[in-house]
2 protein chains.
Amino acid sequence: MYNFVFQNTTKIYFGENQLCRLGEEVKQYGTRVLLTYGGGSIKKIGHYDKVMEELNKAGLTVFELSGIEPNPRHTTVNKGAEICKKENIDVLLAVGGGSTIDCTKVISAAAFYDGDGWDLVTRKAPITKALPVVTILTLSATGSEMNATAVISNLDTNEKLGIHHPLFLPKVSFLDPTNTYSVSPYQTACGAVDIMSHVFDVFYFTAGKKMDLVDRFMENVLKTVIKYAPLALKEPENYEARANLMWASSWALNRFLETGVSQVASCHAMEHELSAFYDITHGLGLAILTPRWMKYILDESTAPQFKKFGVNVFGIDESLSDMEGAKRAIEVLSDFFFKTLGLQSTLTAIGIDDKNFKLMAKKACKGDVLKGYKHLTPQDVENIFRMCL
Amino acid sequence: MYNFVFQNTTKIYFGENQLCRLGEEVKQYGTRVLLTYGGGSIKKIGHYDKVMEELNKAGLTVFELSGIEPNPRHTTVNKGAEICKKENIDVLLAVGGGSTIDCTKVISAAAFYDGDGWDLVTRKAPITKALPVVTILTLSATGSEMNATAVISNLDTNEKLGIHHPLFLPKVSFLDPTNTYSVSPYQTACGAVDIMSHVFDVFYFTAGKKMDLVDRFMENVLKTVIKYAPLALKEPENYEARANLMWASSWALNRFLETGVSQVASCHAMEHELSAFYDITHGLGLAILTPRWMKYILDESTAPQFKKFGVNVFGIDESLSDMEGAKRAIEVLSDFFFKTLGLQSTLTAIGIDDKNFKLMAKKACKGDVLKGYKHLTPQDVENIFRMCL
């Protein structure tokens with residue numbers, strides 16, 4: 001069990017009809033607001049009008065950056081930073097899922113940097129200051145609404161990199177489950193995989209000793225997703241299902257689950273290569289990779305933890321041997337991803353061949369090994385990619 | 001499921017040897033520190049010297065308020081407030097358990113009030129400003145280290161009242177499990193009951209609909225206490241046990257468990273009368289009251305939740321009927337309190353008779369009914385007290 005420092009200051013408004021508080025919350029940070037969003041679905045489903053109404057009521061001056069991509073680009077960060085500088089923006093308001101929020105976080109720092117925003121992501125330049133960020137979440141997945149992490153893609157270099165900075169933590173986030181009613185089954189499924197993946201890739205499957213209290217909560221988050229994601233697919237307007245998925249997404253990656261745990265994230269690192277090269281949905285990449293990664297690293301040392309996962313989360317037969325239990329756990333997880341959630345199960349099925357595997361594997365390992373539950377060499381990563389064909 | 005606002009800004013340093021950060025953390029709030037503590041056990045076990053060394057290293061000027069009582073008095077609040085005013089204190093540092101921290105919170109506000117600090121507790125005077133509070137926890141029980149609540153006793157009026165104010169939230173809390181190695185078996189047991197009681201009295205047993213994610217986490221906290229409290233009794237220096245109890249105490253009452261839940265707390269209100277009249281340990285009062293309260297309100301409407309508690313937390317037989325299961329759950333909880341934890345099981349055993357029951361019951365109900373999972377009239381409360389004889 002490791003020592004840790006825990007603090008998460010984000011203020012959460014959870015539930016329906018909380019948007020009446022938006023104006024006062026944004027206003028405390030200034031009057032010139034940059035509203036950021038994605039492809040415009042927020043206009044189609046009416047979020048945009050509601051948000052604008054509240055901002056106007058509060059007498060705020062609103063500028064806009066739309067078109068933030070699902071894997072947000074560094075070029076979009078630069079576009080946003082330019083608006084911030086030119087229009088003397090005081091505060092950023094991101095309306096969307098993890099991509100929009102992530103992009104907005106990096107804009108908040110790039111607003112104070114005179115070069116290419118990508119330098120901040122690669123840590124070539126330090127982050128020294130950032131504008132406050134407020135968010136309105138419309139997709140339950142990344143946890144970005146309550147953490148200090150952002151992931152940005154650079155299509156010129158085929159890179160997708162994560163960056164963590166305390167200044168990125170949103171000041172306020174509005175979590176209204178009804179805002180996710182219109183999320184498609186595919187995106188709901190990908191979001192569910194992302195939440196689960198945060199738990200078991202980043203925290204649950206680790207070699208180190210964890211705190212029992214936290215370990216159990218990880219299993220809770222997983223069980224919550226397993227219970228409610230299928231229900232949200234069946235009944236997109238089921239409030240209970242959407243609420244549980246939303247609150248689970250925040251708690252899967254708001255640092256509470258990291259308390260006392262040594263953090264590792266090999267599936268996320270491998271998936272970032274897939275998204276960087278092929279611009280696929282993060283959750284889909286994770287779904288395809290995770291069961292293969294588990295199979296690849298399955299041995300006597302990892303089997304007990306995989307079996308425990310199967311028993312405590314999926315309720316598989318406890319009397320199985322560690323190895324049989326682990327295999328069964330991987331099976332039921334695959335079934336959940338590919339049958340229950342209906343996601344595609346191979347890279348081949350989504351048009352990805354082995355052409356770039358060697359290069360992607362090398363990049364994932366960053367010239368070293370990819371650290372994780374089991375450390376992986378570039379050859380290991382390439383083998384795992386091949387298992388996904 | 002209710003809408004909610006969640007924010008908890010307390011910064012937690014968890015683990016051994018984190019005290020090296022104390023100086024820098026306190027210093028950011030000023031240089032004149034009021035160190036508050038209880039009966040002096042922190043001197044006997046060496047905490048005091050370590051704390052003073054860090055404060056001196058940081059060049060801080062330290063004043064002291066010692067002798068804070070287990071059920072802290074309003075007179076002690078006034079004493080502390082006087083020191084703050086006279087010595088121009090910038091920041092308060094509480095070293096102790098919930099009582100010391102609670103008292104320090106109210107001192108932080110009383111420092112800006114010219115009358116009797118009790119006026120702030122009774123809400124006769126509003127709290128408008130407060131000094132920052134930093135804490136070093138030495139007892140896992142109340143959760144005061146990570147919440148904005150304080151409970152103060154007035155022996156003149158036989159009142160023990162809770163007060164909640166956002167300004168009471170500690171800025172920083174140091175949670176070192178080894179600081180609880182010297183906590184006696186009795187205090188460890190009482191602390192464990194307090195943690196459990198926060199969960200099921202305040203949140204778990206409610207008539208309203210809860211979020212599944214949060215409901216499961218409540219069961220986690222309970223299971224964690226049930227697993228580790230007996231271990232801490234057997235092995236007082238078991239780090240894992242002390243760490244799990246400590247982190248559980250913070251999460252049992254830091255508002256996360258309240259998210260989406262309607263809050264009720266009838267056992268706490270009844271116990272406050274016991275402590276107010278007889279100055280007993282809060283956790284002991286809760287242990288004696290809780291199983292009786294459960295028995296008293298057991299009917300067809302409450303039985304399913306009590307049974308669920310027994311099944312999910314204590315692993316009792318799921319095939320029992322709701323009523324049988326509920327009865328069994330109350331039995332195993334009683335056994336846990338009075339056999340496993342070894343606490344005394346009746347008020348008679350600790351020298352309390354029925355003399356004040358009528359008055360206490362009336363006060364608990366505050367001239368109305370005592371709200372809770374089942375609302376209780378003064379007669380109900382008196383009946384429950386009598387069951388404890």
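How many helices and strands make up the secondary structure of chain A? There are 15 helices and eight strands. The model is predicted.

**Overall form**

Start with the whole chain. Chain A has 389 residues, and 54% of them count as buried. Its C-alpha trace spans about 65 × 45 × 45 Å along the principal axes. The radius of gyration is 20 Å, which agrees with a compact globule of 389 residues, because such a globule would have a value near 21 Å. Contacts across the sequence are also counted. Among contacts in chain A with a separation of 6 or more, 76% join residues 24 or more positions apart.

**Two domains**

Chain A is divided into two parts, domain 1 and domain 2. The table gives their bounds.

| Domain of chain A | Residues |
|---|---|
| Domain 1 | 11-179 |
| Domain 2 | 185-387 |

The C-alpha centres of the two domains lie 27 Å apart. Their contact takes 19 residues from domain 1 and 25 residues from domain 2. What classes of residue does domain 1 bring to the side that touches domain 2? That side has eight nonpolar, eight polar and three charged residues.

**Helix α15**

Now take one element of chain A. Helix α15 covers residues 378-387. Which of its residues are buried? They are A:Pro378, A:Asp380, A:Val381, A:Glu382, A:Ile384 and A:Phe385. In an α-helix, residues three or four places apart point the same way, because each turn has 3.6 residues.

Methods:
Residues numbered from 1 in each chain as written. Chains lettered and ligands numbered in written order. Predicted model: local features only at pLDDT ≥ 70, side-chain atom pairs only at ≥ 80, totals over all residues. Buried ≥ 20, exposed ≤ 12 C-beta atoms within 10 Å, placed from the backbone. Helix = DSSP H or I, 4+ residues; strand = E, 2+ residues; numbered from the N terminus. Rg over C-alpha atoms; globule rule 2.2 N^0.38 Å. Contact = placed C-beta atoms within 7 Å. Domains from an automatic or database assignment. Nonpolar A, V, L, I, M, F, W, Y, C, P; charged D, E, K, R; others polar.
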